[in-house]
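Biologist: I'd like to learn how to read a protein model. Could you walk me through one?

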Amino acid sequence: MTTKRQARWTCLTCGEGGLAPTKPRRDDVRRYCLSCSAKTGRLVEKVAPSLEKKREAQTAKTQERSKKKRQKEAARRGRVTANERLVKKREKLVLEEAERLWKLLTPYHKGKPIPRIVITDTRQTRGASGYWRGGGFFSSGEITLRLVPFGTGNFHEARSWKVLLHELCHAACPPKQGDSHHREFYYAMKTTTEKRWKCFISFASLTGNRWGYHVDDVILSQLLRLAVVKFPIPETRQRPIK
Ligand SMILES: [Zn+2]
Ligand SMILES: [Zn+2]
């Protein structure tokens, strides 16, 4: 036979006490003070102070735990809304700049509507990237911009801005004979950059008739040297901890 754990049960009215199991059966006489019950005509229950104390401690612990959980949840929600605010702020900033550039690109698109712009986060740390998907005759298609979520600093500002301009130039200067990075396209980038930042971009280092991504590098490196681009995109996410 196993001995059950015992506790002292005491009557709060007369003080009479005795040992009984910590979990006595409902009809166990040791749960009740028989003399007080006989006097009052009703069953008078005894209490086990040690068990009460334990139960109270348990309740306090549970309450503390759920309080911590609630606080944690509120903090997480706070972080999410802070992030959403930053994402909205970033979108507003990019769209405003896009409107501005689209106006400067009017000689090329001749009044077509501005393309739809979808902004996402890139996983690459080297910087922003993007692509343009052409629309039909009346539409300017859609630009997807992948921005570095923690891309602050001169390099990322200039690169993000240059990528936005690059994709807008695609919408303004559609491909010619299957070539999307043609001469006119890059001249649109050059003149728009010069108008926007009141500077001069030199294509003198370009040799022959080679047009392509290296022209982007030529524009970007000059922009960085001139330090004219002001395109501070908010950090929408915290820099990963290494
Ligand atoms: Zn009693
Ligand atoms: Zn391109």
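Biologist: Where is the place of K198?

Modeller: K198 sits in the loop between α5 and α6. Helices here are DSSP runs of H or I with at least four residues, strands are runs of E with at least two, and both are numbered from the N terminus. Before we go on: this is a predicted model, where local features need pLDDT of at least 70, side-chain atom pairs count only at pLDDT 80 or more, and totals for chains, interfaces and linings use all residues. Residues are numbered from 1 along each chain as its sequence is written, while chains are lettered from A and ligands numbered from 1 in the order in which they are written.

Biologist: Is K198 buried or exposed?

Modeller: A residue is buried if 20 or more other C-beta atoms lie within 10 Å of its own, exposed if 12 or fewer, and partly exposed in between, with C-beta atoms placed from the backbone. K198 has 7 other C-beta atoms within 10 Å, so K198 is exposed. K198 also has a positive phi of about 50°, although it is not a glycine.

Biologist: And what about the phi of K110?

Modeller: K110 has a positive phi of about 55°, and it is not a glycine either. K110 lies in the loop between α3 (106–109) and β5 (116–121). With 8 other C-beta atoms within 10 Å, K110 is exposed.

Biologist: Now the inside. Which residues have the most contacts inside the largest nonpolar core?

Modeller: In soluble globular proteins, nonpolar side chains tend to be buried together. A nonpolar core means a set of buried Ala, Val, Leu, Ile, Met, Phe, Trp, Tyr and Cys residues joined through C-beta atoms within 7 Å. Here the largest one has 33 residues, and those with the most contacts inside it are L105, L145, L164, L168, C169, A172 and A188. The elements giving two or more residues to this core are α2 (49–104), β7 (142–147), α4, α5 (183–197) and α6. The largest share, 9 residues, comes from α4.

Biologist: What is C169 in contact with?

Modeller: Two residues are in contact if their C-beta atoms, placed from the backbone, lie within 7 Å. Leaving aside neighbours within four places in sequence, C169 is in contact with L105, F185, A188 and M189. C169 is part of helix α4, and it counts as buried because it has 25 C-beta neighbours inside 10 Å. Counted the same way, L168 is in contact with A98, L101, W102, L105 and I143.

Biologist: At what angle do α4 and α6 pack?

Modeller: Two packed helices are described by the angle between their axes and the distance between the axes. Axes are lines fitted to C-alpha atoms, for helices over the stretch in contact, and angles run from 0 to 180 degrees between N-to-C directions. Helix α4 (residues 154–172) and helix α6 (residues 213–226) pack at about 140°, with axes 10 Å apart. Under 35 degrees counts as roughly parallel, over 145 as roughly antiparallel, 65 to 115 as roughly perpendicular and the rest as oblique. Therefore α4 and α6 are oblique to each other.

Biologist: What about α2 and α4?

Modeller: α2 and α4 pack at about 50°, with their axes 10 Å apart, so α2 is oblique to α4. V94, E97, A98, L101 and W102 in α2 meet L164, L165 and L168 in α4.
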